[in-house]
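Q: I have a structure open on my screen and would like to learn how to read it. Could you take me through some of its features?

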Amino acid sequence: MTSDHDVIIVGTGLAGGILAGVLAEGGRRVLLLERGRALADSAIPGDHLRNHRLTLYGDNTTPEPARHPRVFIDAAGDPHTVLPHDARYQLNAFTVGGGARVWGMQAWRFHSDDFRMATRYGVPDGSSLADWPIGYADLAPFYERAEHEIGVAGDHAGTTHAPRARDFPLPPVPRSPSAEWLARGADRLGWRTFTPPLAVNTRPYLGRGACIQCAQCIGFACPTDAKNGSHNTLLPRALASGRCTLVTRAHASRIITDNSGQAIGVEYFAPTTTDSATLERRTARARTIIVSSGAIESARLLLLSASPLQPHGLGNHSDHLGRHVQGHSYPIAYGLLPPDVEPSLLGPGVSVATTQFNHGNPGIIGGAMLANDFVKLPLIFWRQSLPPDTPRWGLANKRAMRDLFRRGIDVRSPVQEIPSPDSRVALDPAVRDTFGLPVARLSGTTHPETVRTAEFMRARAEEWLRASGAERVWSWPVEKKFSAGQHQAGTCRMSADPRDGVTDPFGRVHGHDHLFVCDGSLHVTNGGFNPALTIMALAFRTGEHILASP
Amino acid sequence: MSLTPPQLTALRSLLDRIIPADDFPGALTAGTDTYVLRHLLGDCTEEAHALLLGLTQLDAETVACHGAHQTFATLLPTQQDALLADLAAARPMTPWPPQLPAAPWFHRLVELAHEGFYADPANGGNRDAASWGMLGYAPRTTPERAAP
């Protein structure tokens, strides 16, 4: 077992890349393990049938998808073995940089009440709603750091849901005429709107170019490297320090613990040589181990690492590991712009939002931000956005596409979910991956209170479109389903008391001195916002905590 | 897996009604038949067998409705559309195999046709970005400047 490293990080997504940068620049020797490959932007295909926004027959990052199935348990209790492009798999981008290579870049701070949901609303029956052990003030300096070191474009004066000490480093994304039209509609309702924060270079920043507003944004790599994440900021900084070793196609299989139960290393499979198809089993040892593989795979790795002292998995002393899975329930209202509003097909597209309904909705637990959507692919429009009575084929369908494609508009809302302990990641007893390891088994469904909040937000979304003057407005009822997806969170919730969660308030696994989790897994609740900036802020905070720890 | 000549003829005629040409190119002008064929023989081999049987059934359906001298391809467009509308509404004239009900078969081909027609040209069914030109959609991406 080698010990050339101080820290091993499993995963190079937003959190893993940030941790690598903070720790390597802080003098630590870092081994960074990534299951996927290091793909240049040009190597992430612009395929409209196989991308992370529409995964009909595959996606555009995952190598060898058949190696890594998961098992999805449906509402009737029947298991289905699913591959990465199947919606039931819950969408992970397996490449250096993770989902941020292809993300939509919304970079929100949570609301202060998002950290104290149980205190504010009480705990509904059947839910595991709880407060975070930290509050907004604990994260604020790290939110600010993420905004500046990753690069977030936003409207400082308009973004008032969370107190801000410092302006964004980049001016907000430009507003399309349809976003201005929505803003006028909100004015009529007395709702305050602003341009939402996006991690995109609206002008050259940190040595890279500006967004060219192409129309192939979310789900795809950026043609000008203006889509910001850890892959083009902190990770290159880590590598430039000379203290970070990145191993790609490295599949962590187990956290190694010693006789006292403490984590001392990681077992993984990696290519015998850089481009070899043959993988060999390796072990690496380090003082600090950080699991940063997303809420599904992080929980799975801790479960796979069960030992005689911790037979149910590391950090599973109080049966929280893998439970409380959350993403966001996403009600959408669709409409048609009146013909006199100038259409726009420029990216990224999300450029008007309101936080009017994140909290304080009578009789409702929590709420959500509302915003317009990203620029849409023609095929996605055909599948999702035509009015419901449009014929699905023939000349009538073709004419509807021609007449309505540029007039489609939708408003959507990442509704804060009410966690349930029965929505969970476990190890499947039957299905194994290519290394013979049990795969993640996903089961459970939405808590009824989430449906109530989502229905409330669906009504607000419709109300916004109507007040704006949409010619038609329609939407679909919210369904109960297992929810994780691109915003997956909650499986290793942090807690002050070891009885209430998996990690301490810094992400250190309870009972372990040097084993950390850092990604959306830590989120006790997932906010009424896209969660990426919170994941990044936690990574900066955990990184600094590790540097300052004896 | 391969198509018989009658199946191929039926497929082309079917696609021509699912996305007809008007002032703008339809499925056949855009090469959507190429996409669907490539797809049946590639990504979709599991469902290809049933989809091809459906093409044969489409001709049987035509005979049941219009007589033995007709195939789907020889019908007038209005007759073709009326027949397809009946299939879409799960009202076939002939017994379709239980594992291949008419409406899901037709809807799957509708889906495949539109996938090819509206996807990026590299997928083969949207030659010269014909559908994107009709919609006014252009990705406007430029070559990357730097790899991460």
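Predicted model: local features only at pLDDT ≥ 70, side-chain atom pairs only at ≥ 80, totals over all residues.

Q: In which sense do strand 7 and strand 8 of chain A pair, and over how many bridges?
A: Strand 7, residues 263–271 of chain A, runs antiparallel to its partner strand 8, and seven bridges join the two.

Q: What is the order of the strands in the sheet of chain A?
A: Read it as 6-7-8: three strands in an open sheet, with antiparallel pairing. Strand 6 (251–257) and strand 8 (279–285) of chain A are the edge strands, each pairing on one side only. From one strand to the next, the twist averages 25°.

Q: Now for helices: how are two packed helices described?
A: You give the angle between their axes and the distance between the axes. Take helix 2 (residues 32–41) and helix 5 (residues 102–118) of chain B: they pack at about 120°, and their axes are 9 Å apart. That angle makes helix 2 of chain B oblique to helix 5 of chain B. Their crossing is right-handed.

Q: Which residues of helix 2 and helix 5 of chain B meet?
A: From helix 2 of chain B come B:Thr32, B:Tyr35, B:Val36 and B:His39; helix 5 of chain B brings B:Leu112, B:Ala113, B:Gly116 and B:Phe117. Sorted by class, this contact has five nonpolar residues, three polar ones and no charged ones.

How values were computed:
Residues numbered from 1 in each chain as written. Chains lettered and ligands numbered in written order. Axes fitted to C-alpha atoms, helices over the stretch in contact; angles between N-to-C directions. Helix = DSSP H or I, 4+ residues; strand = E, 2+ residues; numbered from the N terminus. Parallel < 35°, antiparallel > 145°, perpendicular 65-115°, else oblique. Left-handed = near helix turned anticlockwise from the far one by under 90°. Contact = placed C-beta atoms within 7 Å. Nonpolar A, V, L, I, M, F, W, Y, C, P; charged D, E, K, R; others polar. Pairing = 2+ DSSP bridges.
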